[in-house]
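User: I would like to go through the terms applied to this model and see what each one rests on. Please set each value against its criterion.

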Amino acid sequence: MVKFDLGTWKNRPWTEMELVLMQAHYSKGIDKIKVLLPDRTRETIFAQAGKMGLTKPRLWQPDEDSLLRAIYPESGARGVKEKLPHRTIPAIKHRITSLGLRSFKRKKRVSRVRHDGGG
């Protein structure tokens, strides 16, 4: 039987070697581990480090909150991510919710009223 590797490259599982490298080198900084794991994005490395308990919670700083308030309403979470590359999109969205911020970029809902007399 021939098995084809048709899974997505993006969501592939971490290998034992990658996990060993993470354990041994993550504390040296993201730039060091990124060189050792060139096929992994910074975001997936951060996420995996969190799962492995290699990171400490990073408290939000007042200047980061100010930046969120200034940028998020117009640029959304992805715009904030460009200014805060060390923060993940889920972390940004969680903080936005905590601060009660709203985006002006939200799409308006389209009313689905039938005009043909049907219910």
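User: What is the mean pLDDT of the chain, and which elements have the lowest and highest values?

Analyst: The predictor's confidence in each residue, pLDDT, runs from 0 to 100. The chain has a mean of 83, and 79% of its residues reach 70 or more. Where pLDDT is low, the predicted coordinates should not be read in detail.

User: How many helices and strands does the chain have, and what are they by definition?

Analyst: Helices (H or I, at least four residues) and strands (E, at least two) are DSSP runs, numbered from the N terminus. The chain contains 5 helices and 0 strands, and its pattern along the sequence is α-α-α-α-α.

User: Why is Glu 18 called buried?

Analyst: Buried means under 20% relative accessible area, exposed means over 50%, and partly exposed lies in between (1.4 Å probe, protein chains only). Glu 18 has 9% relative accessibility and therefore counts as buried. This residue belongs to helix α1 (residues 16-25). Of the 119 residues of the chain, 28% count as buried.

User: What is Glu 18 in contact with, and what makes its pairing with Arg 12 a polar contact?

Analyst: Contact means heavy atoms within 4.5 Å. Leaving aside neighbours within four places in sequence, Glu 18 is in contact with Arg 12, Pro 13, Leu 37 and Arg 40. A polar contact is a pair of N or O atoms within 3.5 Å; within protein, one must be able to donate a hydrogen and the other to accept it, and residues adjacent in sequence count only if both atoms are side-chain atoms. The side chains of Glu 18 and Arg 12 are joined at 3.3 Å, as a polar contact.

User: What places the charged end of Arg 40 over a ring, and where else does a charged end sit over a ring?

Analyst: The criterion asks for NZ of Lys or CZ of Arg within 6 Å of the ring centre and within 35 degrees of the ring normal. The charged end of Arg 40 sits over the ring of Trp 14, 4.1 Å from its centre. That of Arg 87 sits over the ring of Trp 60, at 3.9 Å from the centre.

User: Which residues form the largest nonpolar core, and what makes it a core?

Analyst: A nonpolar core is a set of buried Ala, Val, Leu, Ile, Met, Phe, Trp, Tyr and Cys residues joined through side-chain atoms within 4.5 Å. The largest has 11 residues: Trp 60, Leu 68, Ile 71, Tyr 72, Ala 77, Val 80, Leu 84, Ile 89, Ile 92, Ile 96 and Leu 101. Two or more residues come from each of α4 (62-83) and α5 (89-99), and α4 gives the most, with 5 residues. A second, separate core of 9 residues includes Tyr 26, Ile 30, Ile 33 and Phe 46. Within the largest core, Val 80 touches Leu 68, Ile 71, Tyr 72 and Ile 92, not counting residues up to four places away in sequence.

User: Is Lys 81 buried or exposed, and what does its side chain reach?

Analyst: Lys 81 lies in helix α4 and, at 13% relative accessibility, counts as buried. Its side chain reaches the backbone oxygen of Arg 87 at 2.7 Å. Beyond four places in sequence, Lys 81 is in contact with Glu 43, Arg 87, Thr 88, Ile 89 and Ile 92.

Definitions and conventions:
Residues are numbered from 1 along each chain as its sequence is written. This is a predicted model: local features need pLDDT of at least 70, side-chain atom pairs count only at pLDDT 80 or more; totals for chains, interfaces and linings use all residues. Side-chain values use heavy atoms; hydrogens and water are left out.
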